[in-house]
Amino acid sequence: MTDDMLLEVRDLTTDFEMKRGTVHAVIDMSFSVAKGEVLAIVGESGSGKSVTSLSVMGLLQPPGRVVRGEILYKGKDLLALSKHEMRDIRGNHISMIFQEPMTSLNPVLTIEDQLTESIRTHMKLDKHAAAARAIDMLHLVGIPSPEKRIKDYPHQMSGGMRQRVMTAIALSCDPDLLIADEPTTALDVTIQAQILALINELRDKIGMAVLLITHDLGVVAETADRVVVMYCGQVVEQATAAQVFERPMHPYTLGLLESIPTMEDTEVDEPLYMIPGMVPNPLNMPRGCAFAARCARRMDRCVSEMPPLYAAEDRKLRCFLFDPEAGEEARS
Amino acid sequence: MTEPLVQLKHLSKFFPVDTDLLGRTTSLLKAVDDLSLDILPGEAFGLVGESGCGKTTVGKMLVNLYTPTAGEIWYEGRNVASLSARQRRKLCCGIQLIFQDPYSSLNPRMTVGDIVSEPIRINNLLPREQIADRVGYLFNAVGLSANYRNRFPHEFSGGQRQRVGIARALAMQPRLIVCDEPVSALDVSIQAQVLNLLSDLREEFGLTYLFIAHGLNVVKHISDRVGVMYLGRLVEVAPKRELYRNPLHPYTKALLSAIPVTNPAQRRKRILLEGDVSSPIDPAPGCRFASRCYARSGCTSCDCETNMPELVEVSPDHFVSCYLFGSQDNGSRLAPRF
């Protein structure tokens with residue numbers, strides 16, 4: 001492990017023990033985030049991307065449980081820490097923005113109360129210094145006249161404003177790593193553009209790393225350096241953003257990209273590309289590749305065997321098409 | 001020219017927000033304000049705007065869930081308001097609605113077969129013994145197996161539920177379907193399936209769509225013409241290609257530029273709008289977009305803040321409501337560059 005690796009996750013496996021069986025929400029997930037880097041984890045609902053972020057933050061609720069793996073933050077295994085030590089990491093070192101700016105702020109406390117709470121807990125500042133810092137933070141995230149707005153309650157603010165407040169809270173203790181779980185999903189497109197520009201700007205300004213969790217490949221293209229594509233709890237493709245968007249290789253990534261309505265100017269409207277079928281039931285996963293049933297390039301072995309994560313052309317791919325031993329003809 | 005299927009004439013919907021001691025309204029939420037629009041038979045009209053711009057209110061007035069505060073809705077050449085309750089009910093059978101959220105728009109206690117057949121039974125469209133066949137036919141039309149009819153909504157995924165919702169809308173054999181953000185709650189790969197299904201059904205059944213969405217990219221695929229709304233007002237209407245190639249209104253441009261592109265090499269300089277959508281409660285008299293407009297410096301004799309610009313035709317079928325373009329008086333002002 002090199003020094004500039006901030007977060008390294010190895011073989012993370014998270015299970016949910018349900019009455020009807022065990023759901024493997026995340027299976028042998030490995031990735032790393034370097035200092036100042038934006039890593040995006042992309043997947044559709046149920047692919048395990050949010051569970052991954054909650055596992056990293058130690059915020060998993062029962063019946064969810066990390067059964068295997070290591071989460072190393074600057075070389076320290078977060079899974080081995082006590083609750084008390086974990087609290088110190090959260091906020092000071094790693095902080096998180098949640099998807100719903102409407103529900104993740106406390107409606108009966110002012111913005112000031114909520115901002116200074118985390119500042120005072122983590123930075124040991126007195127009330128006045130904390131309030132001053134809170135105003136600075138609101139200024140940083142682009143809230144106009146923060147001295148006045150800080151006395152507001154969340155319901156007095158719009159969705160975009162609340163997401164900015166959430167971001168301000170997350171950034172208030174100078175974290176090295178920001179986990180943004182669908183930060184723009186609940187927002188309008190023009191507000192989404194504002195928030196993404198803000199994240200990019202803050203990354204440049206204070207050099208924090210970002211772990212961006214999203215289902216929207218457009219958002220990824222706008223911000224990320226590297227991309228991890230997840231399907232049914234597993235990494236299926238891992239590469240740089242440029243590689244993924246220029247030449248997606250895994251059939252699922254390819255399908256996902258193709259099915260986005262493009263803004264390109266075309267004379268005729270061709271039907272959108274579709275990935276047929278549906279995500280399999282998590283309680284009844286197929287034996288082989290989870291994507292096999294929907295895959296256009298399915299081979300016999302896909303149904304019976306689970307493909308490992310192959311390293312191909314400096315990316316990682318979970319697909320037999322890239323099996324170096326399979327020979328050229330399978331790939332063409 | 002063909003007779004429009006739907007004509008909205010100066011349609012407005014205001015909601016009272018506050019009243020004084022005597023019960024007189026003191027403050028109004030102008031959800032839809034003086035909106036005029038024609039929808040031709042067989043066309044798909046996309047209505048785009050951000051949350052709170054009134055696009056859903058337009059849809060609800062069209063299906064008779066809201067009564068307009070002012071203005072008229074003409075359907076098949078008749079003024080809906082002038083009809084008797086019975087006639088209106090009959091007429092509204094021809095207009096159906098597909099909802100945004102497939103999780104809350106299906107009754108969890110009914111089987112999907114009952115959900116789809118309920119409108120047929122209530123309106124006595126078919127003799128009892130033919131209903132089952134019809135439901136099977138509708139299930140096939142939306143790509144569901146007819147064997148699923150005895151299952152309950154919770155057994156289906158989001159995309160399948162949306163298909164059930166579509167089958168229910170088709171059960172009334174409508175001419176017009178109002179699609180209120182039918183894919184925004186769905187995953188990307190499922191969105192494509194539902195959008196393609198809606199395109200196919202339009203051809204098969206000769207449907208007309210009013211397709212409501214908050215992003216311009218989804219609408220691009222399915223619409224023939226697109227209208228952009230901002231705070232209760234229609235700011236631009238144009239045929240789809242014209243709108244995407246040559247957007248005129250500053251808000252349309254900002255909306256187009258806000259769509260993320262899936263090509264990092266193309267990370268563009270985008271138009272970032274300042275601030276948030278202002279409140280539709282007691283709006284200022286001028287252009288609704290004036291407070292966020294970045295193009296006002298290009299305007300010389302602007303009365304953006306005091307006078308509402310009218311929607312004018314600047315080129316064939318391309319309407320814009322902005323002082324920068326076209327003739328608010330008689331065509332003297334040309335499109336400026338910015």
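User: Hi! How many residues does the contact take from chain A and from chain B?
Analyst: The contact takes 38 residues from chain A and 34 residues from chain B, where two residues are in contact if their C-beta atoms, placed from the backbone, lie within 7 Å. This is a predicted model, in which local features need pLDDT of at least 70, side-chain atom pairs count only at pLDDT 80 or more, and totals for chains, interfaces and linings use all residues. Residues are numbered from 1 along each chain as its sequence is written, while chains are lettered from A and ligands numbered from 1 in the order in which they are written.

User: New topic: where is Leu231(B), and what is its phi?
Analyst: Leu231(B) sits in the loop between β9 (225-230) and β10 (233-239) of chain B. Its phi is near 45°, a positive value in a residue other than glycine.

User: Is Leu231(B) buried or exposed?
Analyst: Leu231(B) is buried, with 23 other C-beta atoms within 10 Å. A residue is buried if 20 or more other C-beta atoms lie within 10 Å of its own, exposed if 12 or fewer, and partly exposed in between; C-beta atoms are placed from the backbone.

User: And what about Ser145(A)?
Analyst: Ser145(A) has a phi near 35°, and counts as exposed because it has 10 C-beta neighbours inside 10 Å.

User: Last one: which residues does a cis peptide bond join?
Analyst: Pro62(A) and Pro63(A), with omega about 5°.

Definitions and conventions
Helices (H or I, at least four residues) and strands (E, at least two) are DSSP runs, numbered from the N terminus.
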